[in-house]
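Subject: Structure for you to look at

Hello,

Here is the structure I said I would pass on. Please open it first, then read the notes below.

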Amino acid sequence: MRTDMDKNARELAVHLALLRDVLNPQDGTEVDTALCSVETFCAVALRVMAKTNQSKVRDCARTVEIKARMDGTPVVRGAA
């Protein structure tokens, strides 16, 4: 199964924009800095995923999903 990284990046951008709109942080606040950190991390992660063998990305996504299920955290299938 092939992963559409462009689709994932678009969906992630929409989700991050939603968070920014809902949180509506003032520039320079702790919330703004935290959100900027998450946005930067996501941008780096997308670049790394694009340059990584797809089987390794799927393996990591599977591991994260298993851990989330064990921890009782909601899981979004197809997010990675």
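Is C36 buried, partly exposed or exposed? With a relative accessible area of 32%, C36 is partly exposed (buried means under 20% relative accessible area, exposed over 50%, partly exposed in between, with a 1.4 Å probe and protein chains only).

This is a predicted model, in which local features need pLDDT of at least 70 and side-chain atom pairs count only at pLDDT 80 or more, while totals for chains, interfaces and linings use all residues. Residues are numbered from 1 along each chain as its sequence is written, and side-chain values use heavy atoms, leaving out hydrogens and water.

Cysteines. C36 sits in helix α2 (residues 30–51); helices are DSSP runs of H or I, at least four residues, numbered from the N terminus. The count of disulfides (pairs of cysteine sulfur atoms within 2.5 Å) is zero. The closest cysteine sulfur to that of C42 is in C36, 12 Å away, which is too far for a bond. For C60 it is the sulfur of C42, at 16 Å, again too far. C42 is buried, at 15%, whereas C60 is partly exposed, at 49%.

Salt bridges. There are five, each a side-chain nitrogen of Lys or Arg within 4 Å of a carboxyl oxygen of Asp or Glu. One of them joins R20 and E39, 3.0 Å from N to O. This pair links distant parts of the chain, with R20 in helix α1 and E39 in helix α2, 19 residues apart. R20, D32 and E39 form a network of salt bridges. Another salt bridge pairs K67 with D71, at 2.5 Å between the closest N and O atoms.

Regards

Notes
Helices (H or I, at least four residues) and strands (E, at least two) are DSSP runs, numbered from the N terminus.
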